[in-house]
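Biologist: I have a model open and want to learn to read it. Where do I begin?

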Amino acid sequence: MPDPVPKRGRGICHSTEVPKLGLLQPASGGYLADFRRSCRDGGLDCDTIHYSVPKAAGDGEIRGKVTWYGDVQWVIEGNPDTAKVSQTIDVGAVRYAFEAGTTAPAGDEGGHGEMVAFNGTAYVRSTRTGSAEFYKTVYGPYMRCEAAGLVGPANATPDLIATTLLGGMTWTSAVNDMFSNIEKRSGAPAAAFGGMVTFEKLLGTAIALPSTQHENIFDSKEKYYPFAPHVEHNVSCVVVGFVGDMKEVEKRGITGLEKVLYKGASGSAGGGAAETLTLHAHLVTLRRSCKAKTAQEVRPQDVKEVYHLDSSSIVANFNLEVWLINDSMEEHPVLPAESVPAPIAHPPSLCSCSEWVVNALVDAGVTHIFGGHGGALVPLVNAIVNNPKVQWVCTRNEANASLMAAAYAKLTGNMGVCVATSGPGASNLTTGLLDALQDQCSMIAITGLKPRGGIGYSEFQDLQQSRMFAAGGLPLSLDVSSPDALVPLLRDAVAKALSLRTVVHLGLPVDVQAAQSPVPLKPFCAADVRAEVELPETHSFVIKNVASELRAASGRGSGRVVIAVGHRAVGAGHEILKLAERINAPVLTRLDAKGCVDESHALVFGVIGVHGKSGLERATKVIETSQLIISIGNHDDTLLLCNRAGLQIRPMITFEPDAMCLRINARYRALYDVVGDIKFTLRRLLAELGPQEADPIVNAPSLMEGWQSELAYSGLDIVTPMDAANLYLAPPAKKAKIELAEDAKRLWADIHRGKWRSSARRTSRFECISQGSQELSHPDCVMKEMSRRMEANDVLCVDVGDVTLWASLSACLTKGQRTLSSERLGTMGYGLCAGIVASLLRAGPDGGRAVVVVGDGGVQMTINELGTAQHLFGSSDKDHSLLIIVLDNAKLGRVAFGFEGALGCDLGPTPDFAAIGKAYGGNGVKVAKAEELPGAMDEAFKSKGIFVLHVLIDPALKADMATFQDKSIAMMDSG
Ligand SMILES: Cc1ncc(C[n+]2csc(CCOP(=O)(O)OP(=O)(O)O)c2C)c(N)n1
C-alpha cells in the first residue's frame with residue numbers, strides 16, 4: 001500500500017535552534033501506527049520531526065548546485081553505446097552520487113549495478129546476471145557512467161541538514177515528511193539528499209538486467225527485481241537519493257528527472273504516492289566496526305554492500321544533507337572521457353604484532369580493554385594505551401578485570417576483552433572467564449607468556465596457561481608460536497568468541513608481542529563476524545504456525561501459556577508486553593533481563609531463577625501449572641521445562657536472535673524455534689495474530705496438546721515438581737487427570753478473563769512480611785526508595801547473596817532499565833565490577849548512573865576497584881556516576897540463612913564503607929537509622945562520581961522467599 005501523502009508541515013526557518021516541524025501523515029496501521037502508539041504510550045510527542053537547520057552562508061545565500069550527469073535517456077531506451085559506457089566521472093568532484101545503469105569495473109561493458117558514490121569513492125554492486133561481480137562491491141575513485149544522478153559539487157554547501165530525533169517510521173514516511181517541509185519553504189519540486197541513516201530495519205534490493213536484453217528496464221518489475229531482498233536490522237548506511245513532486249518538476253521543464261524518479265515508484269517497492277511524490281534512493285551498508293559519524297568520515301573498508309533502498313525500510317535515525325532541485329539543477333555539459341586509471345595503491349603501514357592485535361580488536365568493535373599489568377605484557381599494554389580508539393582499564397586485580405570484561409560483554413552485546421601477565425596474572429583471570437562462559441557472553445582473554453626461548457623451563461611465572469583454561473571449559477585456548485601464526489589464530493579466536501557467544505584465550509609470548517607484524521595494518525577479517533552470522537528472519541510459515549498455535553491457546557480461553565524472558569531479549573520489552581496482553585500470558589524474567597519489561601504491569605510476575613530456584617511461590621506455581629513456555633532470549637531453559645529428574649515435561653516455543661543461541665537449547669525440544677531480531681520477529685507475530693476478538697473457538701487438538709499427550713507419563717498437569725519426578729520414575733499406565741490447585745485455577749481463570757487489565761499499576765508485586773528491626777532500614781524499603789529514583793538509562797548491578805533476593809523481588813524497574821548480574825556462576829564481587837563498567841559506558845550528559853546492590857561480604861571482594869574507578873573518572877571529561885548501596889548485615893547472610901547449621905559466617909565488625917568511599921576520593925553516607933534513609937538516598941542520587949550508601953540492616957532478617965507475600969491473586973481480585 002502506498003503511504004498517503006503527508007500533511008504539509010509548517011515552514012522551516014534558518015536558525016541553529018531545533019524547531020518542531022512537520023506533521024507525519026496519518027496512518028491507519030502498520031509500523032508507523034505502531035510507532036506512534038508506542039511513542040504516545042511513552043509520553044513522547046510523535047507527531048513532529050525535529051530539524052536542525054544550519055545557518056546560511058554570511059550573505060544569506062544558499063550555496064551549491066545539484067548537477068545531473070550522464071544520459072538518462074540511454075537507460076530508458078536500452079540503447080547501449082560503448083562510447084558512453086566508457087565515459088568516466090571523477091567521483092572526487094561530487095559530494096554524493098547514485099544511479100543504476102553504472103558499470104564497473106573496466107571491462108564489464110554490459111553490466112548494470114547499484115551505485116553509490118561519496119567521499120571520493122564509487123561503490124558498485126554489479127547486478128548483471130551471471131556476472132562474476134554479481135553481489136560484489138567494487139570500489140574506486142572513478143565511476144564509469146551511462147546515466148548517473150549526481151548530487152552537488154564536492155564542496156557544495158547543503159541547503160540544510162535534516163535530523164530526526166525520533167525513530168521508527170518508514171523510510172518513505174520520514175522522507176515524505178522532510179520533503180513536504182522543504183517544499184513548503186521553497187516551493188521546490190524536488191530535493192536531493194545524501195548522508196547517514198540508521199535503519200531499524202533495512203530492506204535492500206538489487207536491480208538486474210541481463211546484458212543481452214536491452215529493453216526498457218522500467219517496463220517490467222519482474223525482470224527488474226529478480227533477487228530476494230536483503231533484510232538487516234540496526235544497520236548504519238550512507239544513503240543517496242532524490243525525492244520529487246513529478247507534476248511540478250514537469251511544469252518547470254526540468255528534463256530527464258522523471259526518468260529516474262520514475263512515476264509511482266517510491267523506492268523499489270512502489271510504495272510511494274503515485275503522481276505526487278516519488279522517491280529513489282541507493283545506499284551502502286556500513287560494517288559494525290565503522291565509527292564514522294558522517295559520510296565524509298567513511299573509509300572504503302567500512303563499506304559492506306550496495307543496495308537499492310526499499311521504501312518500506314524502517315528508519316531509526318537520519319542525518320541527511322538536503323539540496324533543493326529548483327532552478328539550481330543543471331545538466332553536466334561534457335563528461336570527462338579519459339579511461340579508468342589504476343586504483344590508488346595504499347602504502348603499507350608496518351606495525352608491531354601488539355599494534356596489529358589492538359587494531360584488530362578495535363575493528364571488531366571493542367572500546368575498552370580490562371586487565372592487570374606485568375613484565376610479560378608491556379608491548380601489548382603499550383599498544384592499548386597508544387591506541388586512541390580504545391580505553392585501557394588497569395584494574396587492581398586481574399580477577400576483577402575478567403569480571404568487568406564479562407559485564408561489558410553482557411551490557412554491550414559486543415566482545416569483552418581482558419589481558420593479564422603470565423603466571424598469577426593469567427590464573428587470576430579464570431573466574432570472570434567462566435562467568436562469561438556460563439552466561440554465553442563473547443569474550444577473549446589475551447595473556448602474556450615468557451619469551452619463546454624460555455617457555456616450559458623458565459623458573460619465574462611460567463604456567464601452562466592453555467591447559468589451565470582448557471580445563472575450565474574454554475573451547476579455544478592456544479599459545480601463539482610466532483608472529484606469522486598471530487593473524488590466523490586471532491582471526492579464529494575472535495570469530496569463535498563472537499559467533500558462538502563463548503570465551504576464548506590466546507597466550508602471546510612477550511617477544512611475539514614486540515615483534516614486527518608480518519602484515520601491515522588492515523581491516524580485520526573477523527571484524528564483521530557477528531553481522532555475517534545474523535541469519536535472515538524466520539520464514540513466514542513458521543510465524544503463521546506459531547500464531548495459529550497461540551490463537552488456538554487463547555481462543556479456547558484455557559491455554560496456560562507463560563512467557564519467560566532472558567537477557568538476549570533486552571530491547572524488545574514493549575513487544576513482549578504486547579504479546580502477553582494479546583494472549584493473556586504472564587511474563588517472568590531472568591534477573592539479568594529484569595527491567596526489560598515494565599515490572600509494574602499486572603502480567604509481569606517477577607524474576608525466575610534466583611540462585612537456581614524458580615522464585616517466589618507464585619512464579620513457581622505459574623511455571624508448574626503452565627502448558628506451554630514461550631522462551632524469549634533465555635540462555636538456559638532447564639528451570640522452565642524440566643522436572644527434578646531433568647526430563648523435559650513442558651513444550652516450548654523459542655525466540656532467539658540468531659541460530660547460535662539454539663546451540664544450548666538443542667538439549668530440549670521446541671515446537672518451533674523462531675530465529676531473527678527478537679523485536680521484529682515479535683512484531684511480525686503480533687501482526688499475524690491480529691486482534692484478539694478474531695480468535696476462533698477451536699475444538700481440534702493443537703500441536704501443543706499433541707505434545708502433552710506424548711509427554712503424559714511425565715506429568716504435565718501436575719502440581720509439584722516432586723510429583724513430576726515420581727511420575728517420571730514410575731510412569732502411569734494412562735494419563736492421570738490431575739486437578740489444578742484451587743488458587744492456581746483461580747489465578748489462571750482471572751488471567752484468561754483479562755482481569756489484569758483493570759488492576760492498578762503497582763510499585764511492587766511483592767509485599768515483604770518479615771518486619772525485622774523497626775530501628776534499622778529494611779532492605780525492602782531500600783530497594784523501593786532506590787527504584788523510585790532510577791532513570792531509564794541507569795543500570796542496576798546486582799551482587800550475589802541475600803542481596804540478590806532483595807534486589808530481584810523488591811526492586812521494581814518500570815522504565816526499561818538494564819540489570820547486570822552474574823546469572824549462572826553467581827560470583828560474589830561481580831556487582832561492583834559491573835557497576836564500574838556501566839558507569840564508564842553510560843557516562844555523559846544524557847547518560848545513566850550505575851547502581852550497585854551488594855552485601856558487606858560481596859563488596860569486600862572487589863572494593864579495591866574503587867581505585868580503578870576514581871583513576872578513570874579523574875582523567876575523563878565526562879560525568880560518571882557510580883552509586884554503591886551496601887546492605888550491611890555483618891555476615892555472609894545467604895550462607896548463614898540458606899544452609900542449616902552453617903557456621904563461620906560472621907564478618908563483623910564491618911568497616912565504615914562510606915569512609916572507604918571517601919578515602920578513594922568519592923563520597924558516602926552511613927545510614928544507621930531507618931528514618932535517615934530517604935534523605936540519604938536523595939543525596940546519593942544527586943551525586944556524581946563514586947558514592948557509597950552504607951545501610952545497616954537487621955542481621956537477623958532473612959531474605960527468604962517465604963517471607964514475601966505475592967500480591968498477584970489480590971491484584972486480580974481487586975481488579
Ligand atoms: C566468589 C564467591 N565465593 C563464595 C560464594 C558463596 N556465597 C554465596 S552468597 C554468599 C554470602 C554473601 O554475603 P554478603 O555479600 O554479605 O551478602 P548477604 O548474603 O549477606 O546479603 C557466599 C559466601 C559465591 N557465590 N561467590
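Modeller: We take a strand, then a glycine, then the ligand shell. Keep in mind that this is a predicted model.

Biologist: Which way do side chains point in a strand?

Modeller: In a regular strand they alternate between the two faces of the sheet. Now take strand 22, residues 443-449. Met443, Ala445, Thr447 and Leu449 point one way, while Ile444, Ile446 and Gly448 point the other way.

Biologist: How many residues of strand 22 are buried?

Modeller: Seven of its seven residues are buried.

Biologist: What does strand 22 pair with?

Modeller: Strand 21 (residues 416-420) runs parallel to strand 22 and is joined to it by five bridges. Valine 419 has isoleucine 446 of strand 22 as its bridge partner. Strand 24 (residues 503-509) is also parallel to strand 22, with seven bridges between them. There, glycine 448 stands opposite leucine 508.

Biologist: Where is glycine 676?

Modeller: Glycine 676 sits in the loop between strand 30 (672-675) and helix 22 (678-689).

Biologist: Why does glycine 676 count as buried?

Modeller: Count neighbours. The cut-off is 20 or more other C-beta atoms within 10 Å. Glycine 676 counts as buried because it has 24 C-beta neighbours inside 10 Å. Phenylalanine 655 is 21 residues from glycine 676 in sequence, and their C-alpha atoms are 7.7 Å apart.

Biologist: Which residues are closest to the ligand?

Modeller: Of the 19 residues that surround the ligand, the closest are Gly801, Asp802, Gly855, Gly857 and Gly893. Helix 27 (802-810), helix 29 (856-862) and helix 31 (893-898) each give two or more residues to the shell. By class, the shell has six nonpolar, nine polar and four charged residues.

Notes: Residues are numbered from 1 along each chain as its sequence is written. This is a predicted model: local features need pLDDT of at least 70, side-chain atom pairs count only at pLDDT 80 or more; totals for chains, interfaces and linings use all residues. A residue is near a molecule or strand if its C-beta atom, placed from the backbone, lies within 6 Å of it. Helices (H or I, at least four residues) and strands (E, at least two) are DSSP runs, numbered from the N terminus. Ala, Val, Leu, Ile, Met, Phe, Trp, Tyr, Cys and Pro count as nonpolar, Asp, Glu, Lys and Arg as charged, and the others, Gly among them, as polar. A residue is buried if 20 or more other C-beta atoms lie within 10 Å of its own, exposed if 12 or fewer, and partly exposed in between; C-beta atoms are placed from the backbone. Two strands pair if DSSP finds at least two bridges between them.
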